[in-house]
Amino acid sequence: GVTVNLLNVGQTTVTVSPDPSAASNALSSFVAAYNAASTELGKNHGNAGGALTGQSIVFQLEQSLRDLTGYTGGDAAVSNLAALGVSFNSGTGQLAFDQAQFQGIASSNPNDVSAFLGSVSAGTGFLGTAANILKGVEDPINGAIQSSLSTVQQRIQTDDNQITQDQASITTMQNQLTEQMAKADAAIAT
């Protein structure tokens, strides 16, 4: 909002223009967070990969990141993140943000920038899509992370049940062998 306090009688000119610095800062933070997530996920590939190597959650999260960066919308001067100065380096898998490019498009086409970004609350544009993608990842009931946790917990329970069965079989076998050895000792002693 804008507040104007009139102190004297006279003429003046008031110019109101959008300040894209908040959007610029948010895009810069998005790029940093994306790169950090991409780097961490990348550590879970190959022979020297981390604890999640081979787990489907890694691939699901990487797909969610690709969905975020691949978003297209609008039919004006801004229809993708590249138009806002966010570029993808296919060699490194990292994003880069060109603030000067963003400042240029935000100055020349502020309505197009706003339309592309959209709104989380209205579920529109890039922000609405990003919120939906993140909900699909972190939803506590049906999200990818919860689904992966449930799968791991089920596997742990199955393994625990198998260990219990194996221990029972070993105990039974041990008791049978002890009984047979006692009979053999008794037979030798007579």
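In which helix do lysine 183 and glutamate 179 both lie, and how many residues apart are they? Both are in helix H6, four residues apart, about one turn of the helix. Helices are DSSP runs of H or I with at least four residues, strands are runs of E with at least two, and both are numbered from the N terminus.

Before going on, note that this is a predicted model, in which local features need pLDDT of at least 70 and side-chain atom pairs count only at pLDDT 80 or more, while totals for chains, interfaces and linings use all residues. Residues are numbered from 1 along each chain as its sequence is written, and side-chain values use heavy atoms, with hydrogens and water left out.

**Stop 1: salt bridges**

Stay on lysine 183 and glutamate 179 and show their side chains, which meet in a salt bridge with N to O at 3.4 Å. The term stands for a side-chain nitrogen of Lys or Arg within 4 Å of a carboxyl oxygen of Asp or Glu. By this rule the count comes to three salt bridges. Lysine 183 is exposed at 55% relative accessible area, whereas glutamate 179 is partly exposed at 46%. Here buried means under 20% relative accessible area, exposed over 50%, and partly exposed in between, using a 1.4 Å probe and protein chains only.

Next select aspartate 159 and arginine 155. Their closest N and O atoms are 3.1 Å apart, in another salt bridge. These two residues are four apart in helix H6 (residues 144-189), so about one helical turn separates them. Aspartate 159 is partly exposed, with a relative accessible area of 32%.

Then move to glutamate 40 and lysine 43, whose side chains form a salt bridge at 3.0 Å, N to O. Glutamate 40 is partly exposed at 45%, and lysine 43 is partly exposed at 47%.

**Stop 2: H1 against H2**

Select residues 21-42 for helix H1 and 56-69 for helix H2; their axes come within 10 Å and cross at roughly 155°. H1 is therefore roughly antiparallel to H2. Axes are lines fitted to C-alpha atoms, for helices over the stretch in contact, and angles run from 0 to 180 degrees between N-to-C directions. Angles over 145 degrees count as roughly antiparallel, under 35 as roughly parallel, 65 to 115 as roughly perpendicular, and the rest as oblique.

To see the contact (heavy atoms within 4.5 Å), show Phe30, Tyr34, Ala37, Ser38, Leu41 and Gly42 on H1 with Val58, Leu61, Glu62, Leu65, Leu68 and Thr69 on H2. By class, this contact of H1 with H2 has eight nonpolar residues, three polar and one charged. Ala, Val, Leu, Ile, Met, Phe, Trp, Tyr, Cys and Pro count as nonpolar, Asp, Glu, Lys and Arg as charged, and the others, Gly among them, as polar.

**Stop 3: H2 against H5**

Leu61, Ser64, Asp67 and Leu68 of H2 meet Phe126, Ala130, Ile133 and Val137 of H5. The contact of H2 with H5 comprises six nonpolar residues, one polar and one charged.

**Stop 4: glycine 73**

Finish at glycine 73, in the loop between H2 and strand S1 (86-89). Is glycine 73 buried or exposed? Glycine 73 is buried, with 13% relative accessible area. Leaving aside neighbours within four places in sequence, glycine 73 is in contact with Val78, Ser79 and Phe116. For a distance check, pick the C-alpha atoms of glycine 73 and threonine 129: they are 10.0 Å apart in space and 56 residues apart in sequence.
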